[in-house]
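Hi,

Here is the structure I promised to pass on. Have a look at it first, and then read my notes below.

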Amino acid sequence: MSLHMMGRVALCWACLLVSGWSAEEPVDWSLITRIRQEEFMHSKVMETLSQLCDAIGPRLTGSPQLKKANEWTKDQLQSWGMSNAHLESWGPFGRGWSLQHFSIHMLSPDAAPLIAFPKAWTEGTHGAISAEATKINVQAETDFDKYRGKLNGLIVLNGDAREVKGHDQAELRRYSEQQLGELSLYAIPPRRRPEERDEYVKRERFQKAFRKFLVDEKALALVEPSPGDGGTIFVAKGGSYKPEELAGVPSLVMAVEHYNRIVRLLDHKMKVQLEIDVRCSFHDADLMAYNTLAEIPGTDKKDEVVMLGAHMDSWHSGTGATDNAAGTAVTMEAMRILRALDVKPRRTIRIALWTGEEQGLKGSRAYVSQHFASRPELTDPEEKEMPLSLQKEPGPLTLKPQHAELSAYFNVDNGTGKIRGVYLQDNAAVHQIFEAWLKPFADLGASTLTMRNTGGTDHLSFDAVGLPGFQFIQDEVEYGSRTHHSNMDVYDRLQSDDLMKASVIVASFVYHTATRDALIPRKPIPQEALP
Ligand SMILES: [Zn+2]
């Protein structure tokens, strides 16, 4: 090659680099062998899950169990050799709630135990109560008048019987090649309908008004049918974690088959006597909540940080196994693998186990605003509780120095299903990087990249301030049909092979992010930034 030619080649490379192209992203294949061996031969991911789900149990934000999980995860990460394991408080979140004892029976016309579960943050019965059931149909405040003066001393069932169909398909859902192909094609995100916000506000206001109505009318308890069937019930909150708000009457969600039985009896004008005993506690001593953090220190670029994380808070009727002890255990396992292999990452690797995710990504949002970038505090209490996607223009962004030092955040929170790829979150510049990093995992079923966004979990807190935050594509398995926020979100519904494979992929992504020369490319910082 002549000197003249070399000059031209160099010039062309310069052009390519300037225009955003670069040579193929390096992959450390020998380390990947070691990561795979460590995990597939010495995995601790299911042991972590048994501790979180079986020993600690459900982890509602504010509850003593979640605080226990904070302490246990911190100690566990420390015992695996992580540095700087600690808790960081955020809040005030509000009051905690925990359930000590619950039973519900039909006493007549036949004796039968029933499948149900109390909603979080609702009142206990202060001793077993036995009363007659009555059915109402209240869907809006305009329905209140029909029932005024008629609910005193009764157990109120709200809603008609719902038809239950047989199941003719297997529940366990995995992406087919065709579905993955479709997912890899971009779909322009649907624009938010302007009425969505109003509908949300209206729903919330109705729920509050309904709680007050039942208290004013001296109803003894509220029972609602659960979505789903087959003995699985889906249960979230009924009352409020804000100490100043009304907890409402004891409120239960019942398995649809049992609910339907009572409604059919009432529709036949038969008297139904129920007995309910809910013993629960509100915890007001500490209104703060806590995230667990720990690190593997970096070397020559130790001030720069790569984060991975998952929310470890859950709903309360199961043990929060797939939502989200799974992601918690996978991210902890990725840290354990890297520590066990004694890797020396260039950047610091930091794990964050969030809380308050189920109440609106609260723990991760607080962390991001404490460490990376903040917007003015919202003052309207109704606005504060709104999902991120519905909140009004949030005001100017103020960047903190660490904003420039975070390379990327990787989140795991889509259940137990194995990782099939990554949502690029509209960030085209990471495509070629992640493509190279996924290549070693085609045999684990992970090879799909999509420019699409995915929402609903903690990577959004980073994305909202212009930091690269990603969530993996995961097989659904039984998330929608069986486990998500249900009484069957328990250890036995976890897929151990999927979780081991996920741990390997997360460990490798985090390591490669921590060792590449440059930070992960970013999207433009959202409007109104004040650097
Ligand atoms: Zn959830």
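Leaving aside residues up to four places away in sequence, which residues does Thr448 touch? They are Leu180, Ser184, Arg420, Gly421, Val422, Leu438 and Ile473. Keep in mind that this is a predicted model.

Thr448 belongs to strand β17, which covers residues 448-450. Its relative accessibility is 8%, so Thr448 counts as buried, the cut-off being under 20%. Helix α6 (residues 177-184) lies across β17 as well as β16 (419-423) and β18 (469-474), and runs at about 30° to β17.

Now for the sheet that β17 is part of. Eight strands make up this open sheet, in the order β1-β10-β12-β11-β15-β18-β16-β17, with mixed pairing. The edges are β1 and β17: each has a single partner strand, so one side of each has no neighbour in the sheet. On average, neighbouring strands are turned by 25° against each other, ignoring direction.

Further into that order, β11 (residues 301-311) and β15 (residues 406-411) run parallel and are joined by four bridges. Leu308 has Phe410 in β15 as its bridge partner. Another helix, α9 (residues 321-340), lies across β10 (289-296), β11 and β12 (347-354), at about 150° to β11.

Phe410 turns up again among the aromatics: ring pairs link it into a cluster with Phe434, Trp437, Phe470, Phe472 and Phe509. Over the whole structure, a search gives 25 aromatic pairs. Take Phe93 and Tyr241: their ring centres are 4.4 Å apart and their planes at 20°, so this pair is stacked. Phe93 sits in the loop between β1 (83-90) and β2 (96-108), while Tyr241 sits in the loop between β7 (221-225) and β8 (251-254), so the pair ties together parts 148 residues apart in sequence. Both are buried, Phe93 at 7% relative accessibility and Tyr241 at 5%.

A ring also meets a charge: the charged end of Lys67 sits over the ring of Tyr290, 4.6 Å from its centre.

Is helix α10 (residues 362-371) mostly covered or mostly open? Mostly covered, with seven of its ten residues buried. Those are Lys362, Gly363, Ser364, Ala366, Tyr367, Val368 and His371.

Best wishes

Technical notes:
Residues are numbered from 1 along each chain as its sequence is written. This is a predicted model: local features need pLDDT of at least 70, side-chain atom pairs count only at pLDDT 80 or more; totals for chains, interfaces and linings use all residues. Side-chain values use heavy atoms; hydrogens and water are left out. Helices (H or I, at least four residues) and strands (E, at least two) are DSSP runs, numbered from the N terminus. Buried means under 20% relative accessible area, exposed over 50%, partly exposed in between (1.4 Å probe, protein chains only). Contact means heavy atoms within 4.5 Å. Rings of Phe, Tyr and Trp (its six-membered ring) pair if their centres lie within 6.5 Å; planes under 30 degrees apart count as stacked, over 60 as edge-to-face and the rest as tilted. A charge sits over a ring if NZ of Lys or CZ of Arg is within 6 Å of the ring centre and within 35 degrees of the ring normal. Two strands pair if DSSP finds at least two bridges between them. Axes are lines fitted to C-alpha atoms, for helices over the stretch in contact, and angles run from 0 to 180 degrees between N-to-C directions.
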